[in-house]
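I opened the notebook to jot down what I look up in this one. Here is the structure first, then my entries.

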Amino acid sequence: MIKLSGKQILVFLQVHYEFVKEIFDVSKPDFILDSDTLNKYIEEYNLNHERKISITKLIDVKFCRQLPTKDYKVNRSYIDFLQFLFDDFTLDLPETLKERYKTIFELFSKLKTADKTSKIVVLITNIINVIDVFLNDIHRQTQRLLIDTESLKVNANEYSDLSKRLEKAIFWIDEYIEPLNKILEKGHPESFYSAIVEIQSYTSEKRYVAESYKLKREYAKLYASTLYARTELDQNLQKLTRELKPLLDRIKSDSIILSGFYHFVENIDYPEKFIIPIPHPIKKTKGNPIFKKFDSEAQFYVDQFNYKTADTFYVEQVEDLEWLPDSTYFKEQLLKEKGVSDFYKWCFDILKQHTEEITLSKYFTITNLLLEEDLAVDYNSDERNEIILDDAILMMPKVKIYERISNKT
Amino acid sequence: MREYPTKHREIVSLLLDGKFMIYPNPLFGVLVENDEDYIEFFKKSYDFDLIIETDFAYLSSEDVNEKRTRDFTLFLAILSRELDYSGKNFREKIQFGTFDIQEIEELLRQSSKWEILEKTTVADFEKFIKTWRSKNLLEVNGSKFKFTKAIKLFFRFAMEIAEEKLKEQNILEKE
């Protein structure tokens with residue numbers, strides 16, 4: 001083969017597609033393989049395929065070249081094409097992207113001062129190309145991050161080491177998402193987005209007022225290119241800020257929760273290692289509104305008397321000056337009534353005639369007449385009356401009482 | 001004597017029963033409106049701390065050493081782990097999903113961490129579910145259950161542990 005043609009390269013890729021894919025995958029992300037590994041893959045591939053492959057052939061089609069270290073490096077042009085072919089891109093640091101898009105500012109400054117048509121045409125072509133490359137870069141970055149983030153989310157087993165998962169999420173947010181956001185930030189004067197807006201407004205006017213038709217046409221191309229770039233950027237920004245960032249934030253916080261739980265479970269028998277006290281909602285408590293310190297304070301109060309010897313207290317008998325007739329008197333009064341329709345009310349009323357202070361004990365002294373054998377009681381009514389005593393309120397049934405007929409005969 | 005809100009008795013007895021009060025329970029609104037008064041009321045009357053979060057409230061006491069709370073945290077930790085391992089978004093599932101009581105018991109029993117759970121109150125799973133339903137941490141509907149908003153308390157506990165651990169590790173790395 002004297003001169004390599006594009007067709008030969010395409011045939012090589014088509015015939016040895018599986019081999020190329022395998023080498024692409026195993027040599028990522030630097031696309032360098034040591035000679036032993038490459039030879040091993042060639043041998044394995046040749047065993048199962050009719051059309052053989054060799055190192056010489058790979059070098060002939062410029063698939064790879066040997067480095068001074070004897071390792072093999074895949075050709076950059078292949079890498080770019082294969083990344084597009086397999087939709088599998090490597091991540092560039094945003095700093096690298098930043099350097100790249102800064103050239104747009106430089107080219108644009110030159111364009112504004114250029115006066116020769118040929119120079120203007122070259123500058124416009126260059127700006128269009130740089131914008132294209134940059135858009136492609138941003139798209140690749142976003143795709144790669146989306147794929148990796150999804151995998152981080154789904155393949156929990158692969159990332160079962162929580163600290164690694166967490167580390168990866170934090171790394172992507174800090175090193176890629178945030179800087180990418182800054183590069184694309186709409187309000188920032190030095191962002192790529194601002195450059196595009198500036199070029200768009202400049203070319204929007206120039207495409208009508210330029211000196212010649214050729215120049216108007218060139219400015220119109222650049223104008224169209226910036227319009228397309230804005231749409232593309234908006235879509236990528238949306239993916240970054242609405243999908244990727246929240247997803248990574250969630251992976252980050254979810255991993256934090258899981259690793260916290262992990263420490264908790266691992267130290268379940270050593271609560272002192274939890275660092276943070278476990279939540280302590282109360283148990284069911286009796287509805288007794290007494291401050292619990294009351295108990296200890298009361299104990300303290302009582303304790304201060306403990307050292308004293310016991311004193312003897314004499315309780316003075318309080319002389320009861322009130323005189324009441326005995327039950328015989330009340331029975332006589334009852335019999336005189338020749339039948340009472342509401343016995344308990346009668347008891348209250350008759351007591352009232354002799355004392356102002358009607359207590360339970362006095363009241364029951366009289367109501368006990370109910371038990372006298374010579375009195376008959378009729379409980380037919382369900383009616384109850386409230387009897388208000390000095391030390392109690394009673395609900396008493398309405399009972400009739402009268403002398404037994406047998407007693408009279 | 002000060003005036004208490006109309007639902008005062010319901011609020012006090014719900015919280016003293018050791019239950020979580022969850023938004024949109026109308027009592028939660030009354031509690032939030034009178035937050036300062038209630039915080040003082042529970043502190044002075046019972047020496048309990050009333051914790052009011054965005055959408056739930058509960059009484060807390062440092063003197064309470066509830067083994068059952070430890071068991072619940074353990075249950076949640078292991079359930080989260082198992083859901084994560086099966087590729088599910090565990091936090092979303094726990095916060096918004098519904099679980100089948102029997103299926104979850106089965107899932108836990110198959111876990112390598114069951115040897116820890118079986119020594120706790122989680123072992124009698126149905127009773128465990130009933131206990132935490134009575135505290136309003138779970139809602140049970142037939143054979144299904146779901147977590148209430150109060151579950152966030154336990155997620156935050158895990159986050160705080162992890163953050164403390166990370167701080168510790170960073171300190172170690174710096175040394």
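Helices here are DSSP runs of H or I with at least four residues, strands are runs of E with at least two, and both are numbered from the N terminus.

Ground rules: this is a predicted model, where local features need pLDDT of at least 70 and side-chain atom pairs count only at pLDDT 80 or more, while totals for chains, interfaces and linings use all residues. Residues are numbered from 1 along each chain as its sequence is written, and chains are lettered from A and ligands numbered from 1 in the order in which they are written.

Next I looked up which residues of α1(B), residues 8-16, are buried. They are Ile11(B), Leu14(B), Leu15(B) and Leu16(B) (buried: 20 or more other C-beta atoms within 10 Å of the residue's own, with C-beta atoms placed from the backbone). Their cover includes β1 (21-22), α2 (26-33) and β3 (56-60) of chain B.

Then the sheet. In chain B, three strands make an open, antiparallel sheet in the order β1-β3-β2. I noted β1 and β2 (49-52) of chain B as the edge strands, each pairing on one side only (a pair needs at least two DSSP bridges). β1(B) and β3(B) pair over two bridges, and Met21(B) has Ala57(B) in β3(B) as its bridge partner.

Last, the interface: 30 residues of chain A are in contact with 43 of chain B (contact: C-beta atoms, placed from the backbone, within 7 Å). Helix α10 (213-266) of chain A gives the largest share of chain A's side, 10 residues.

Methods: Buried ≥ 20, exposed ≤ 12 C-beta atoms within 10 Å, placed from the backbone. Contact = placed C-beta atoms within 7 Å.
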